[in-house]
Every structure is written in C-alpha cells, then in structure tokens.
Amino acid sequence: MTPQPHPEVGAAVKAADRAHVFHSWSAQELIDPLAVAGAEGSYFWDYDGNRYLDFTSGLVYTNIGYQHPKVVAAIQEQAAKMTTFAPAFAIEARSEAARLIAERTPGDLDKIFFTNAGADAVEHAVRMARLHTGRAKVLSAYRSYHGGTQQAVNLTGDPRRWASDSASAGVVHFWAPFLYRSRFYAETEEQETARALEHLETTIAFEGPATVAAIVLETIPGTAGIMVPPPGYLAGVREICDKYGIVFVLDEVMAGFGRTGEWFAADLFDVTPDLMTFAKGVNSGYVPLGGVAISQRIADTFGKRPYPGGLTYSGHPLACAAAVATIEVMAEEGVVDHAKHLGTAVLEPALRELAERHPSVGEVRGVGMFWALELVKNKETREPLVPYNATGEANAPMAAFAAAAKKQGLWPFVNMNRTHVVPPCNVGEAELKEGLAALDSALGVADEYT
Ligand code: PMP
C-alpha cells in the first residue's frame, strides 16, 4: 500500500506549492504543508515513506476512505461515457444520484438542487427560504460553521442579483445548546434544552417573527465541536419554526451520509427540516458535489415561478456518478450500520476510558464516527488547554499533541482546544484500535500541560 519513498519528487512538489499555491485559512509564510504522495482506504503517505492513519477523513468527508475501487471505476466509466453536460438537461448520472439521495433524506425532502460544495448549498438554502417566506433575516448559531463563500451573488451586476440584494444583511446569531459550556447556567440536559429554546424564541420575538425567513442549524455542529444537541432541542426548534412560519434549514454537510451511524443525523432526532444541505460524504469528496434537499412545500414555491439561481456545474455528471457509486457502496457494504456499531461497541467506550485516565481530557462527546475530545488545563474548572483561537506560542500544547500523534503514525484533527476523532465510516476495527493507541500516547503529551 505504501510506495517507495521519492524525497526528491516530494521536494519539487513542495517547492512549487510554496511558490504558487495560496492556501485557505492560513498565514502563507507560517505554514509548512505536508507533500502527500498517495492515499488508500484509511491511510495516506508522504514522499519520505511515512504513512498516516487518517483520523480526519480529509476535512471530514472521505466517509468510505480514499480510492474506493468501485467509485474510482464509476468515475472512469462516466468520463468515458459523458464527462460533462450542462445542468438544464436530464442526465442519467444526475437523475439517478437525485433519486438515491431523495430516497434516503427524511420526510418529504424529495427534490434535490445540486451545488458544487457545502457553502453554496447553504447560500441556496438561504435564498430559497427568503423567497419562500418573503422575509430577510436568518438566524444561526454562534457555534457553527456553514462555509467560506460570501453570498457571491451580491457582487453580481445583472438582474440575477435582484432577488438576493438583501442577502448579506440580516444574519442574527443565537446560542444553541452545549451543556459542557452552558450559556444558560444549566446543569441538566432538560434545563439546557428548555432554556436554549426559550432563548431562541425570545430572540425571534425581539427580532420580529414576521422578519425571520429561516433558522439555519447544523444538526450536530461539527467544526465548532461536535456538540450533540440534547433531547428535545431540535424537535423544539421545529415547533418554533412552525409556529412563526419560519423555514427550518438543517445543515448536514458534515453530519450527513453515514457519519453519525445514520444516513442523516436528523434521523437520530426524528426531525424533518424544510431544507437540508449536504456535500462531503455524498460522494466521499471524490469529485466536488453538494446540494439542497427540498421539501415539496418549498419546491412548490418555484412551480410556476422560476427559481432565480443556478451554477454552471450543478449536478456535474462526474460528481453525480461518484455519488451514485458511493451510495451503492455504502448500501452494499453496510457502511452506515458499521459506523453505528463500531462507534457504540469500540470507539465510544475507548474514548471514555481515555478520558478517565488522561487529566487533559475534559469531555468526550459524539456519536457514530463523529467524536470530539475537549482538552482542558483543569477538569474541575474546565479551562481550555489553549485559549480560544490560539496561535503561535499560545497554541503550543495542541501543536505538541498533534506532533506526538503524527510521530505515532496518526493524523489527528485539531481545532482550538479539541481533537476530533472522525475516521472514515468504513474504518476497520484493527485500524481504529491502532489509531486509539496512538491517540492515547499523544494525550500523554497534552497531559504535561495540565
Ligand atoms: N456546512 C458545514 C456543516 C460544514 O461542515 C462545511 C465544511 N466544513 C460547510 C458547510 C462548507 O462546505 P464546503 O467547504 O464544501 O463549501
């Protein structure tokens, strides 16, 4: 699985990268990206012959691992048959992908609008909600991540802009539940749920219910810390949306397609939103693809009236062929149940055991193949191991933790004072245990900073 080292090739790749690639979310002079030579299954390797177990699934998207042969073959077959075709036409790969997705989304989310990724899916969901309600404001949680674009249509000069001119105004943030660091002085999940719902409804009252188009929430906030909402919260948000005629948007870009041990995280809570965004796991990220699953009620808004939005590559045949193959692989190989079973039987107990032994682990939370360890200086005070958004020296403990993990052949997901354990949903039990042993050893380094 690991090819021979080629350090001279790696050096050339890195030199060209350093000279010409402008990297996302980074201070360009302060980064040192690893040159990656290849990847397969749950592993990737560099040009020096170092192999890493990927506990990050890329950016939490390779839900069936790297280079799955069936998906690679499907992309090759589609490329030979029809590499591309414009979105206004009915194309086999596109209609089949939409059918397979719609069959799995909750409730009546049966119409699929395809995008290129997660951020544009969120943008379109917001636009649909605004046009459906005729209202402008959108409520979202402080602890959330919904994408890196900036409602690009506002910059557009032609009349396609008109429907969305208000798009950058009117975003209002609120606090979603998070018991470990409760904003509501709650001590139980019941209190957290009740008070978070009361806070949301009060926010709506002060904003003016007739001005609120949508509430956008990640079903389980991912990047911000994998905070599984307490029982009753999402059902409560559903009720609030119904009461005020607000569109409920669940963002499943990260939590969807098997990550939580269900096809969608919404299945865990038995809620159906009006719009649901997806991307990442839909085709394991092999070709960029995202989308919005749309309820019939909102689709009907655009029955006789055109939907003012679209993308050149919407439902790109290569991306859709990859989605069809990925969903078939997940169904045939039982990947969703595997993630659920391994999460419950192996990952959760192992992480809880690590939390008991390591003074640096303040909380373990998650479900399926979607877990976070919150690292703290002190378990009693819950002071984070590094300050919020720490960089440079202030971030030394997390940097030391990550370096220790990599030395053990584990590539960890690190964000602020957290490490997320998000391996591919089809990771093998032995691979998982190998990663957990490396994690155990790296947490020993984090312990030194407590
Ligand atoms: N929503 C959520 C919940 C996400 O996790 C992400 C990406 N991490 C996005 C939206 C944006 O997706 P993309 O980077 O594909 O635009």
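**The contact of H6 with H7**

Reply: In this predicted model, the contact is formed by Thr193, Ala196, Leu197, Leu200, Glu201 and Ile204 of H6, which meet Tyr233, Gly236, Val237, Ile240 and Tyr244 of H7. By class, the residues of this contact comprise eight nonpolar, two polar and one charged.

Two packed helices are described by the angle between their axes and the distance between the axes. Helix H6 spans residues 189–207 and helix H7 spans residues 233–244; their axes come within 10 Å and cross at roughly 25 degrees. Because angles under 35 degrees count as roughly parallel, H6 is roughly parallel to H7. The crossing of H6 and H7 is right-handed.

Between the two, 25 residues of domain 1 are in contact with 25 residues of domain 2. On the side of domain 1 that touches domain 2, at least two residues each are supplied by helix H2 (57–60), helix H11 (335–357), strand E11 (361–367), strand E12 (370–378) and strand E16 (418–421). H11 provides the largest share of that side, five residues. By class, the side of domain 1 that touches domain 2 holds 12 nonpolar, eight polar and five charged residues.

Definitions and conventions: Residues numbered from 1 in each chain as written. Predicted model: local features only at pLDDT ≥ 70, side-chain atom pairs only at ≥ 80, totals over all residues. Axes fitted to C-alpha atoms, helices over the stretch in contact; angles between N-to-C directions. Helix = DSSP H or I, 4+ residues; strand = E, 2+ residues; numbered from the N terminus. Parallel < 35°, antiparallel > 145°, perpendicular 65-115°, else oblique. Left-handed = near helix turned anticlockwise from the far one by under 90°. Contact = placed C-beta atoms within 7 Å. Nonpolar A, V, L, I, M, F, W, Y, C, P; charged D, E, K, R; others polar.
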